[in-house]
Amino acid sequence: MKKYYLHNGQENSGPFDKEELRVQKINKDTLVWSEDWNEWKKAGEIDELKIILLSIPPPPNYNLNDTQIFSKKFNFIKYVVIAISLLAFLTIAGKVISEYNSSPDNPDLESYTLKMQTRNNITNLIKVTTNQFSVDTFGGISNLDVIVTNNTDYTIDAVIVAIDYIKQNDGIYKTEYLTFNNIPSNQNKSLAASDSNRGLSIKLTKTYIKASELNLCYDRNITPIIGDPDPFRCN
């Protein structure tokens with residue numbers, strides 16, 4: 001059964017099936033996402049959800065005399081003036097808050113979507129390579145440099161790389177770790193690895209990636225929750 005996620009401007013909720021969405025009382029402007037979509041959509045734009053959208057029935061007809069009609073009109077005008085004044089205040093307050101109190105916990109939808117796409121593709125955007133290191137005839141690796149390339153538009157705070165030194169029979173002789181800190185966007189950093197008196201080749205594995213600017217916490221040893229559309233977002 002197809003599942004949907006909701007976004008209230010601050011956080012995601014879900015997953016929900018169509019009947020569970022009905023209980024959530026969504027309207028046409030509610031932001032909805034499903035795993036087969038590339039972006040968030042308004043519920044009113046989705047044909048399959050229009051049948052469950054919250055609607056308000058029209059009031060029943062009621063005969064009013066002239067005095068009652070005048071009273072109703074007066075109250076209506078009063079409430080309209082109050083509503084317009086409140087709307088103007090909220091509009092001004094919203095602009096002030098967005099300009100002077102911008103928060104990473106409340107990004108606009110476009111920024112949130114872009115960061116989520118980057119988080120979900122982080123293992124492909126962070127590349128790990130080596131230089132032309134030396135391999136001894138009888139086994140042993142020296143002059144090894146490991147290079148981490150940040151192909152995102154955000155600063156990466158830390159990357160931990162595991163280095164497996166592989167023996168002739170494909171067994172692992174030893175494993176060492178290198179930690180790379182503060183890699184600027186679209187740049188790389190290199191670190192020298194330890195020499196080894198055994199081993200004919202190496203294997204590199206990205207075990208941990210952290211980026212506060214992206215709200216990213218990737219740990220290879222933690223299995224993502226099935227169905228989570230944003231599994232590497234920091235809690």
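This is a predicted model: local features need pLDDT of at least 70, side-chain atom pairs count only at pLDDT 80 or more; totals for chains, interfaces and linings use all residues.
**Entry 1: salt bridges**

I started with E176, which forms a salt bridge with K174, the closest N and O atoms being 3.1 Å apart. For this I took a salt bridge to be a side-chain nitrogen of Lys or Arg within 4 Å of a carboxyl oxygen of Asp or Glu. Residues are numbered from 1 along each chain as its sequence is written, and side-chain values use heavy atoms, with hydrogens and water left out.

I then looked up how open the two partners are. E176 is partly exposed, at a relative accessible area of 23%, and K174 is partly exposed too, at 24%. My scale runs from buried (under 20% relative accessible area) through partly exposed (in between) to exposed (over 50%), with a 1.4 Å probe and protein chains only.

How many salt bridges does the rule give? The count comes to two. The other entry in my notes joins the side chains of D230 and R119, at 2.6 Å from N to O. This pair links distant parts of the chain, with D230 in the segment after β13 and R119 in helix α3 (residues 109-120), 111 residues apart. Helices (H or I, at least four residues) and strands (E, at least two) are DSSP runs here, numbered from the N terminus.

Are D230 and R119 buried or exposed? D230 counts as buried, because its relative accessibility is 5%. R119 is buried as well, at 2%. I jotted down the general point that side chains of opposite charge can pair when their charged atoms come close.

**Entry 2: the whole chain**

Next I stepped back for an overview. I found four helices and 13 strands in the protein chain. Of its 235 residues, 28% count as buried. The accessible surface comes to about 16,100 Å², and 52% of that belongs to carbon and sulfur atoms; these areas come from the Shrake-Rupley method with a 1.4 Å probe, and for residues only the protein chains shown count as cover.

I also checked contacts, meaning heavy atoms within 4.5 Å. Among those with a separation of 6 or more, 59% are accounted for by residues 24 or more positions apart.

**Entry 3: the cores**

A nonpolar core here is a set of buried Ala, Val, Leu, Ile, Met, Phe, Trp, Tyr and Cys residues joined through side-chain atoms within 4.5 Å. The largest has 24 residues, and I122 and V159 have the most contacts inside it. I traced where its members come from: β5 (126-130), β8, β9, β10 (172-183), β12 (201-211) and β13 (216-219) each supply at least two residues. β9 gives the most to this core, with five residues.

Apart from it lies another core, of twelve residues, with L21, I26, I46 and L53 among them.

Back at I122, I listed what it touches, not counting residues up to four places away in sequence: T152, I156, I209, L214, L216, Y218 and F232.

**Entry 4: T152**

T152 was on that list, so I followed it because it is buried, with a relative accessible area of 3%. T152 sits in the loop between β8 (145-150) and β9 (156-166). What does its side chain make a polar contact with? The partner is the side chain of N150, at 2.8 Å. A polar contact is a pair of N or O atoms within 3.5 Å; within protein, one must be able to donate a hydrogen and the other to accept it, and residues adjacent in sequence count only if both atoms are side-chain atoms. Leaving aside neighbours within four places in sequence, T152 is in contact with T118, I122, L125, I126, S185 and N186.

**Entry 5: loops with a glycine or a positive phi**

G140 is in the loop between β6 (134-135) and β7 (141-142), and G140 is buried at 8%. The C-alpha atoms of G140 and G199 are separated by 4.9 Å, although the two lie 59 residues apart along the chain.

Most residues other than glycine have a negative phi. N143 has a positive phi of about 55 degrees; N143 lies in the loop between β7 and β8 and is exposed at 53%. N215 also has a positive phi of about 55 degrees, in the loop between β12 and β13, and counts as partly exposed at 26%.
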